[in-house]
Amino acid sequence: MPILQIDTNLSMTNVPLDFSVKTCELMADVFKSPLNFCVVHINPDQEIYWYGLDGPCVLGTLKIVKGSGTISSTQNIGHAEKLVKHISDNLKLSNKKYKHD
């Protein structure tokens, strides 16, 4: 069960109405999870500053609930790239800097 929490300094009015639905559909595909087990939680209007960058900022936290399987580090990087592209494109983020551990 993938759960994606998105904290952002964007206002909810800047988040497309279908963003959560499209994000759940992407996560269901990427993680081979039933769509009804995918969760997106958006926290808009947060006080977030990424040093050296002005403008919109998004922090995403992905959790995979136990029992949903495991993924390798290579798969993790691939999944992160797909999610970052989706989020950046849909929220119209001009700077696609992201950190992946």
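Modeller: Helices here are DSSP runs of H or I with at least four residues, strands are DSSP runs of E with at least two, and both are numbered from the N terminus. The model is predicted, so that local features need pLDDT of at least 70 and side-chain atom pairs count only at pLDDT 80 or more, while totals for chains, interfaces and linings use all residues. Residues are numbered from 1 along each chain as its sequence is written, and side-chain values use heavy atoms, with hydrogens and water left out.

Biologist: How many helices and strands does the protein chain have, and in what order do the elements run?

Modeller: The protein chain holds two helices and three strands. Read from the N terminus, the order of its elements is β-α-β-β-α.

Biologist: Which share of the residues counts as buried?

Modeller: The classes rest on relative accessible area: buried is under 20%, exposed is over 50%, and partly exposed lies in between, with a 1.4 Å probe and protein chains only. Of the 101 residues in the protein chain, 31% are buried. The accessible surface of the protein chain is about 6800 Å² (Shrake-Rupley method, 1.4 Å probe; for residues, only the protein chains shown count as cover). Carbon and sulfur atoms account for 55% of that surface.

Biologist: Which residues have the most contacts inside the largest nonpolar core?

Modeller: A nonpolar core is a set of buried Ala, Val, Leu, Ile, Met, Phe, Trp, Tyr and Cys residues joined through side-chain atoms within 4.5 Å. The largest one has 18 residues, and those with the most contacts inside it are I6, F19, M27, V58, I87, L91 and L93. At least two residues of this core come from each of β1, α1, β2 and α2 (73–90). The greatest contribution is that of α1, with six residues.

Biologist: What does V58 touch?

Modeller: A contact means heavy atoms within 4.5 Å. Leaving aside residues up to four places away in sequence, V58 touches I6, D7, T8, W50, I87, L91 and L93. For the protein chain as a whole, among contacts with a separation of 6 or more, 77% join residues 24 or more positions apart.

Biologist: How far apart are G60 and L4 in sequence and in space?

Modeller: G60 and L4 are 56 residues apart in sequence, and their C-alpha atoms lie 6.8 Å apart. G60 belongs to strand β3 (residues 58–64), and G60 is exposed, at 52% relative accessible area.

Biologist: What is the count of disulfides?

Modeller: A disulfide is a covalent bond between the sulfur atoms of two cysteines. The rule applied here asks for a pair of cysteine sulfur atoms within 2.5 Å, and by this rule the count is zero. For C24, which is in no disulfide, the nearest cysteine sulfur is that of C38, 5.5 Å away. C24 is buried, with a relative accessibility of 13%, and C38 is buried as well, at 9%.

Biologist: Which residues form salt bridges?

Modeller: Side chains of opposite charge can pair when their charged atoms come close. The criterion is a side-chain nitrogen of Lys or Arg within 4 Å of a carboxyl oxygen of Asp or Glu, and two salt bridges are found in the whole structure. D18 pairs with K22, with the closest N and O atoms 3.2 Å apart. Both partners are partly exposed, D18 at 34% and K22 at 37%. D89 and K85 form a salt bridge with an N to O distance of 2.5 Å. Because D89 and K85 are four residues apart in helix α2, about one helical turn separates them. D89 is partly exposed at 34%, whereas K85 is exposed at 52%.

Biologist: Which residues make the nonpolar surface patch?

Modeller: Patches are made of residues with over 30% relative accessible area and no salt bridge; like charges are joined within 9 Å, and nonpolar side chains (Val, Leu, Ile, Met, Phe, Trp, Tyr) within 5 Å. M1, F37, V39 and V65 make a nonpolar patch of about 280 Å². M1 lies in the segment before β1 (2–8), and M1 is partly exposed, at 31%.
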